[in-house]
Amino acid sequence: MKTVAFTRYLPINESESFVDVDLPVPVPSGRDLLVAVHAVAVNPVDTKVRAPKDKVETTPRVIGWDASGVVQAVGPDVTLFKVGDPVYYAGDLTRSGSYAQFQLVDERIVGHKPASLSHAEAAALPLTTITAYESFFDRLGIDRDGANAGETILIIGASGGVGSIGIQLAKRAGLKVIATASRLETIAWVKELGADYVVNHREPLVEQVRELGFKYVDHIAIFNDMRHWDASVELIRPQGGIVSIDDTHLPMPMAGMKTKAASLHWEFMFARAMFQTPDMIEQHRLLTYVAGEIDAGRIKTTISEVLRPINAENMRLAHALVESGKMRGKVVLDGFV
């Protein structure tokens, strides 16, 4: 099968940072699906795993965690899918990735693909959807179905992949969304997705939010990095909650959090699969729920750019786009040839 792989961890402008490699087709066992991959998306985690380091793989390494495709074969314990089912998923950080014509993935972290979307449109969604969904509804305890309607959420880094789907999920839950964006095109993007207010994360956040009339906000999601920690602590309401996806090395003073009895949550969407948690199947359920919301026209894909076909040259281009830090939404590679 065709794959895009590497053996050396190189800067993305190096021709061998990704190469086209033929590898054997894997065989499913247990609850595995063998998926014929039609499209893949690139996320910041892809670039972090591939980032230059003094290490050489003895066999070609295939990474990638967002994909949409069709079930080609199933393991003996599979109950949720059958051969021929269109699916989308974000995979498992500990297993071979989606930059391949065929991939093994546990059925419990796979969703039925939205019927109204192409494979390219669907591939843009799983990792960021799981991250935003778990951040809001599992970590912060917001009610998906509207019991917290009218409460405020500040989404820092709202124009990226996680923020783009996060805005839509928060609006579906009835929240007032304050989104951060800094460029004209990203400001327009977050407004299009439904943000009620937009502030610039390159300017002091506390002053901007309070100029909108909010002394505190009920929830904060930090979807870029922890440079805004102090502002977040100042803005979170007493007994409110902050969720972050950043594995930061920056200082995070906690005195203000203690004084407010506020909570801090970490979100890592790979945790369920990595540790085989008893509730792994929740990712199947949430992806299937979001597919229904998409097919009903209440949520839309966050795709912003498509490269064709899936090969090493286009993968280098996609990684360079993500590493630029200027992406809005998601970049997707579509189709092996």
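Which residues in α4 are buried? In helix α4, the buried ones are Gly161, Val162, Gly163, Ser164, Ile165, Gly166, Ile167, Gln168, Leu169 and Ala170. Here, buried means under 20% relative accessible area, exposed means over 50%, and partly exposed lies in between (1.4 Å probe, protein chains only).

Before going on, a word about the model. This is a predicted model, in which local features need pLDDT of at least 70 and side-chain atom pairs count only at pLDDT 80 or more, while totals for chains, interfaces and linings use all residues. Residues are numbered from 1 along each chain as its sequence is written, and side-chain values use heavy atoms, with hydrogens and water left out.

**Helix α4**

Helices (H or I, at least four residues) and strands (E, at least two) are DSSP runs, numbered from the N terminus. Helix α4 covers residues 161–172, and its twelve residues reach 17 Å from the first C-alpha to the last, close to the 16 Å expected at 1.5 Å a residue. That expected span is 1.5 Å times one less than the number of residues in the helix. Ten of the twelve residues of α4 are buried, so the helix is largely enclosed by the rest of the structure. The cover over these buried residues includes α3, β9 (152–156), β10 (176–180), α5 (184–193), α10 (281–295) and β16; contact means heavy atoms within 4.5 Å. Just after α4, Gly174 has a positive phi of about 85°.

All five of the five residues of β16 (residues 330–334) are buried, so the rest of the structure largely encloses it. On one side sit Lys330, Val332 and Asp334, on the other Val331 and Leu333, and both faces are covered.

Two strands pair if DSSP finds at least two bridges between them.

From β15 the chain crosses through helix α11 (residues 312–323) to β16, making a right-handed β-α-β crossover. Right-handed means that, with the strands pointing away from the viewer, the path from the first strand over the helix to the second runs clockwise.

**An open sheet of three strands**

Elsewhere in the model, three strands form an open sheet in the order β2-β1-β4, with antiparallel pairing. Its edge strands, β2 (19–22) and β4 (56–61), each pair on one side only. Neighbouring strands here are turned by 35° against each other on average, direction ignored; axes are lines fitted to C-alpha atoms, for helices over the stretch in contact, and angles run from 0 to 180 degrees between N-to-C directions. Strand β1 (residues 2–8) pairs with β2 over four bridges, and Thr3 has Val21 of β2 as its bridge partner.

**Two buried residues**

Phe18 belongs to the loop between β1 and β2. With a relative accessible area of 1%, Phe18 is buried. Leaving out residues up to four places away in sequence, Phe18 touches several residues, including Val4, Phe6, Tyr99, Met315 and His319.

Glu134 is found in helix α3 (residues 126–139), and counts as buried at 1% relative accessibility. Beyond residues up to four places away in sequence, Glu134 touches Arg139, Glu267, Phe268, Met269, Arg272, Gln283 and Leu286.
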